[in-house]
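Here are some exercises to work through with the model open beside you. Try each task on your own before you read the solution.

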Amino acid sequence: MLLQTEGLTKSFDGLTAIRNLDFSVAEGEIRGLIGPNGSGKSTLFNLISGIYQPDANSGRITFDGEDITDLSPHDIAARGVGRTFQLLRIFHEMTVLENLLVGHHHHVRYGILSASMGLGRVWSEERRIKERMQELLHFVGLADFAGMPASELSFGQRRMVALARAISMEPKLLMLDEPAAGLSPANVEELQTIIGLLRERRGMTIIIVEHILKVVIESCDTVTVLDHGEKIGEGTPGEIKDDHRVVEAYLGREMDDEEVRAALAE
Amino acid sequence: MTLIFEAVRRLNASFPPAPWLILVILFLPFPLLAANQYQIHLINVIFINIMLATGLNIVKGFCGQVTVGHVGLYAIGAYTSALVCIHFGVSFWIALPTAIIVTGLAGIIIGIPSFRLEGAYLALATLGLGESVRIFISATEFLGATFGISNIPYPEIGGIVFDLPSKIYYIIMPISLLGIFISVNILRSGIGRAFKAVRDDPVSAATSGVAVRKYKLIAFVFSAMYAGCAGSLYAHLVTYIHPDNFTILIMVTLLLMVVLGGLGHVGGSIIGAILVTLIYELTRPYPEYQMLVFGMAAVLIVIYMPKGIGGLIDRFLSTRKFIRLREDKADAAAD
Ligand SMILES: Nc1ncnc2c1ncn2[C@@H]1O[C@H](COP(=O)(O)OP(=O)(O)OP(=O)(O)O)[C@@H](O)[C@H]1O
Ligand SMILES: [Mg+2]
């Protein structure tokens, strides 16, 4: 298993957002993570990426064979965990290219001293990584926006910047928090293509939190369902769709086949 | 004009310090053009303030950490340099690096509150630290207390004593330009990007792999080293330092330089340093109003012109670029 949580619990004064969760993702998998609003999906991402600490003595997180429970976010990122945020959190005052360069931070090979003297080494390394990031921008369809401040882009484009910034880290595990929210159907399609290529060409393992069921069903191998911080189901998209407990938790009531199909077509 | 820019860009790419060396050479005849020593003294003060503003801009403008302790670091630089010369009899050339190192270490202390505090709280903490430096000096006999320290030696190279503003200029000007050169290099490298990421969003900076605390400290230490260097130069320029050289009024003046120039804009903070130094000199007869007016000006600029002069310059340049692009497109369409 690339990622594993055991007995993970996180509460916020009285409210338990994640309860005793065992969750694991195999290398090369594309995992869907669904559940109603407030079921703890984003909290789980925050725990894995080190922004939140689990409750005292309440669970461990292992990544790539190493216990990362007590590591700080940048150390976890350095080990190969990249993520996006539901509310983007891109660097608004920086250009699109700079956003990606920050994500690529760990792959930059020069020190403070050579940087401060502006040595030739620094310049050529900068040129190399900028070309690399330009290719990545091309890959996500933002090639023409490299020099633009991120704040001046449309919402859909900013979502792509957030995605590209996470990809620029060249992580082993990529966690996407509602990457399709607010995208046009054409852009959702493009996003799904990108996700597929990330696994195929770059061997990334991907976890997707998503409310748009089409993405979950078409792009994911396995789906985990959370409700009130607990895992209430796990299986292939087909199995999950047929699991009445899941459908109930997710939509608050049962759906007939017709409605499921309608939800899928969204 | 475009040709000159292009030439400078090429030169810079092949040998980065080249344009800066040319600048140093261009600035060499300055003292000959000045009417009197007072004018050259003012130019020296401007170069020192450029160092201070450049350093403050790194931590405040680029890394987004609101610090009001910079003037305390400036004082530490000045006093360290003066004291090692007077008590150990070393030359300015030992005192200057000593001052830079000691002040850099003090920068760690000013920077540590930024791990937990933000915005106004961080400002208060750093203000306290900066002020306590001045109060400590005023109360310590060894540091000259309220009498100050006099007879600080002038810099010397092989028997030549730099005892006039028109002479010490040749030390202050190149060091100041070297300071700008280093800050430009740092800020456009991955380190400068990490600073800006910490400023824009520390949480997503961290999940992008930026060690937030480490970069905050680097910014604080860097800016402290600038203050230490500026302090040392100042001490050996005026040869007499006093706690009153390092009051909150000076801090507000420094803030105004950076804010007027535009937070996070290197060129802007240089322009800010020049303008505010001149304004400070002109308003010297009215010290009771300086604090009020400078403070108000800083607040008004933050509210109504948050990007300062640097922002105006950027907007002007990008508008011109945009117009040129459009003209090019129109030409292409006409062909
Ligand atoms: N920092 C926090 N402080 C207090 N409560 C929090 C915090 N973060 C999350 N919670 C609570 O934890 C619960 C789970 O929230 P979380 O954001 O993980 O849900 P989610 O599954 O991502 O929901 P959504 O689909 O709306 O994004 C919610 O009740 C939320 O209010
Ligand atoms: Mg969420």
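The radius of gyration used below is taken over C-alpha atoms, and the globule rule is 2.2 Å times the number of residues to the power 0.38. Keep in mind that this is a predicted model.

**Exercise 1. Sizing up the chains**

Task: Work out how the radius of gyration of chain A compares with the value for a compact globule, then do the same for chain B.

Solution: 
- Start with what each chain is built from. Chain A has 11 helices and 10 strands, while chain B has 15 helices and 2 strands.
- Apply the rule to chain A. For its 266 residues, a compact globule would come out near 18 Å; chain A has 19 Å, so the two agree.
- Now chain B. With 335 residues the rule gives a value near 20 Å, and the 21 Å of chain B agrees with that.
- Finish with the boxes along the principal axes. The C-alpha atoms of chain A fill roughly 65 × 45 × 35 Å, and the C-alpha trace of chain B spans about 80 × 50 × 40 Å.

**Exercise 2. Two domains in chain A**

Task: Find the domains of chain A and describe how domain 1 of chain A meets domain 2 of chain A.

Solution: 
- Domain 1 is made of 1-80 + 171-234, and domain 2 is 93-166.
- Take the centres over C-alpha atoms: those of domain 1 and domain 2 of chain A are separated by 25 Å.
- Count the touching residues. On the domain 1 side there are 19, in contact with 10 residues of domain 2 of chain A.
- Look at the area. The two domains of chain A bury about 1,100 Å² between them, with 73% of it on carbon and sulfur atoms. In domain 1 of chain A, the residues that lose the most area to domain 2 are Leu183(A), Ile194(A) and Arg202(A), together 32% of what that side buries.
- Check the polar side of things. The count of salt bridges between these domains is 0, but there are 2 residue pairs in polar contact.
- See which elements take part. On the side of domain 1 of chain A that touches domain 2, α2 (73-78), β7 (173-177) and α7 (185-202) of chain A each supply at least two residues. The largest share comes from α7(A), with 7 residues.
- Sort that side by residue type: 12 nonpolar, 3 polar and 4 charged.

**Exercise 3. Where chain A meets chain B**

Task: Describe the interface of chain A and chain B, going from its contacts to its salt bridges.

Solution: 
- Begin with the contacts: 32 residues of chain A touch 32 residues of chain B.
- About 2,600 Å² is buried between chain A and chain B, and carbon and sulfur atoms give 64% of it. In chain A, His105(A), Ile112(A) and Trp123(A) lose the most area to chain B, together 22% of what that side buries.
- Look for charge pairs. There are 3 salt bridges across this interface; one of the salt bridges in the model joins the side chains of Asp201(B) and Arg89(A) at 2.8 Å, N to O.
- Count the polar contacts: 10 residue pairs between chain A and chain B.
- Trace the elements. α2, β6 (81-83), α3 (96-103), α4 (112-117) and α5 (120-139) of chain A each supply at least two residues of the side that touches chain B. That side divides into 16 nonpolar, 9 polar and 7 charged residues.

Note on methods
Residues numbered from 1 in each chain as written. Chains lettered and ligands numbered in written order. Predicted model: local features only at pLDDT ≥ 70, side-chain atom pairs only at ≥ 80, totals over all residues. Heavy atoms only, no water. Domains from an automatic or database assignment. Contact = heavy atoms within 4.5 Å. Buried area = accessible area lost by both parts, 1.4 Å probe. Salt bridge = Lys/Arg side-chain N within 4 Å of Asp/Glu carboxyl O. Polar contact = N/O pair within 3.5 Å; in protein donor to acceptor, adjacent residues only side chain to side chain. Helix = DSSP H or I, 4+ residues; strand = E, 2+ residues; numbered from the N terminus. Nonpolar A, V, L, I, M, F, W, Y, C, P; charged D, E, K, R; others polar.
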